[in-house]
Amino acid sequence: MTDRPAPDDRPAPTTGPTTPATDRPHDLVGIGIGPFNLSLAALAHNIPAAPDDPRPLAATFYEQRPAFHWHPGLLLDGASLQVPFLADLVTLADPASPWSFLSYLRTRDRLFPFYFAERFHIQRAEYDAYCRWVSEQLPGLHFGHQVDAVRWNTERALFEVDFTQLDPDGEAEALGRAYTRHIALGIGTEPFVPEPLRPLAEAESVPVLHSADYLRHREQLLAADHITVIGSGQSGAEIFLDLLRARPEGAENIHWLARTQAFAPMEYSKLGLEHFTPDYSRYFHALPETARDELVPRQWQLHKGIDADTIAAIHDELYRRTLHGGWPHATLTPGVHVRTAGRLADTRVELHLEHTQQGTRTRLTTDAVILATGYRERPLDAVLGGLDPYLSRDASHRPRIDDQYRLVLDRAVTGHVYVQNAERHTHGVGAPDLGLAAWRSATILNNLTGTTPYPLPERTAFTTFGLTPQSSKIPAQAPELIPLTQSV
């Protein structure tokens, strides 16, 4: 990428998509265009900016990638969403929205086929196509724009957002700056690679890759003599099933490892699903920080288990391969973690394994490793470094986030920074769930505009979480911190 001037030296643009024809600053700049900020952009379209300002909310969104794509490496044939189609970008806040999944089907003349298909859970590839349709029709979205820095301009009482416009090859093409009253961070998650396997995953010549890249390397993986899948969640199960179906009987040569004590089904009972309601998010947010931190790891089966139909399909496929005698050459071993890993001289990989309950250790030699080890929230500091002096942090140095999804900032900052899918430590397991996307976006827009363009229900669950009603213990703004250097 070409050299850039220091962020403070770059000129503010005077034309282009980042600055309206008037001097009016943006009301909202979104950073990142994944499903959650796309939901926010769809619901922000054409709503009033404020009670005393009938003009439409001035919102713009930046995304580094050249176009919208949602987990392209995992769009396996037949793989379905684990949430109903009503968990689209807008429906649970505005069923009449022109950006709903049903509106998308209508534009494709597919309403009747969908009606007769009787599918409550749509395919993952169809959800990706729907989101891409919204991203291509909705104004105010700017792909190929990399946000470099965010600062608070005390003199103008606005956020400065510095960005680089990229050409189709990802190279710097132009620099710019946008001014905005508020920001919405939707930078998403990134693939998580366990430390023992990180050096191998980073080496291009070693066949160790994250499941996020599975489809791109699928043919190469199928050519390997022995394949190891690591990870007990839905992605690991779907990849294991896909490999199993593609390998010849008697020569499957697949090993599936997991740290969990079982290949466990996801909690999908109707009352269990109420952990993904606004009611539970409010309850969780009001808990003490220590209680929240203890609770999250124990709830893994709410969102990291395997769909029961996928488990059944795996068992059916394995059972089918026993019909003529013998057992398939597929090994499924839970309760195991990788201690260390190394590359052998012939480019094979050696995994040093330990079984937690037995206390035993062994080695496994394999030709390819697929890490279905999940995703982690991207650190906000990379984008918000310029706001660090204003940030309030908890005992674990994580940003504090209030019940309106706002970073808790020094009171000298009058604008708000809203976060999407970076608040599991404050709002619980529903943070990355698509089913809460529209509700969270509506909450943000109601707060930002000071109106209720999207009236939200007071109650959403039959379960009463807790014995007494609790309110947020985090103030909307933190106490004033030490004096700060002003940015002009």
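Tutor: A residue is called buried when its relative accessible area is under 20%, exposed when over 50%, and partly exposed in between (1.4 Å probe, protein chains only). The model is predicted, with local features requiring pLDDT of at least 70 and side-chain atom pairs pLDDT 80 or more, whereas totals for chains, interfaces and linings use all residues. Residues are numbered from 1 along each chain as its sequence is written, and side-chain values rest on heavy atoms, without hydrogens or water.

The part to examine is helix α8, residues 278-286; helices (H or I, at least four residues) and strands (E, at least two) are DSSP runs numbered from the N terminus. Seven of the nine residues of α8 are buried, so the helix is largely enclosed by the rest of the structure. The buried residues are Pro278, Asp279, Tyr280, Ser281, Phe284, His285 and Ala286. They pack against α9 (289-298), α13 (424-427) and α14 (437-449), where contact means heavy atoms within 4.5 Å.

With α9, the axes of α8 lie 8 Å apart at an angle of about 130°; axes are lines fitted to C-alpha atoms, for helices over the stretch in contact, and angles run from 0 to 180 degrees between N-to-C directions. α8 is therefore oblique to α9, given that under 35 degrees counts as roughly parallel, over 145 as roughly antiparallel, 65 to 115 as roughly perpendicular and the rest as oblique. On the α8 side, Tyr280, Phe284 and His285 meet Arg292, Leu295 and Val296 of α9. The residues of this contact divide into four nonpolar, one polar and one charged (nonpolar: Ala, Val, Leu, Ile, Met, Phe, Trp, Tyr, Cys and Pro; charged: Asp, Glu, Lys and Arg; polar: the others, Gly among them).

A further helix pair is formed by α7 (residues 234-246) and α11 (residues 308-320), whose axes are 10 Å apart at about 25°. α7 is therefore roughly parallel to α11. The contact involves Gln234, Ala237, Glu238, Phe240, Leu241, Leu244 and Arg245 of α7, together with Thr310, Ala313, Ile314, Glu317 and Leu318 of α11. By class, seven of the contact residues are nonpolar, two polar and three charged.

An open sheet of five strands has the order β10-β17-β11-β12-β13 with parallel pairing; two strands pair if DSSP finds at least two bridges between them. Its edges are β10 (208-210) and β13 (330-333), each pairing on one side only, and the twist averages 15° from one strand to the next. Within the sheet, β12 (residues 254-257) runs parallel to β13 over four bridges, and Trp256 stands opposite Leu332 of β13. Helix α7 packs on this sheet, touching β11 (227-230), β12, β13 and β17 (368-371), and its direction makes about 170° with that of β12.

Strand β8 (residues 172-185) is mostly covered, ten of its 14 residues being buried. It pairs parallel with β1 (residues 26-31) over five bridges, and Leu28 stands opposite His182 of β8. With β7 (residues 158-166), β8 pairs antiparallel over eight bridges, placing Phe159 opposite Thr180. In the hairpin of β7 and β8, five residues lie between the strands, and Gly170 takes a positive phi near 85°. β8 also runs parallel to β19 (residues 417-419), joined by three bridges, with Ala184 opposite Tyr418 of β19.
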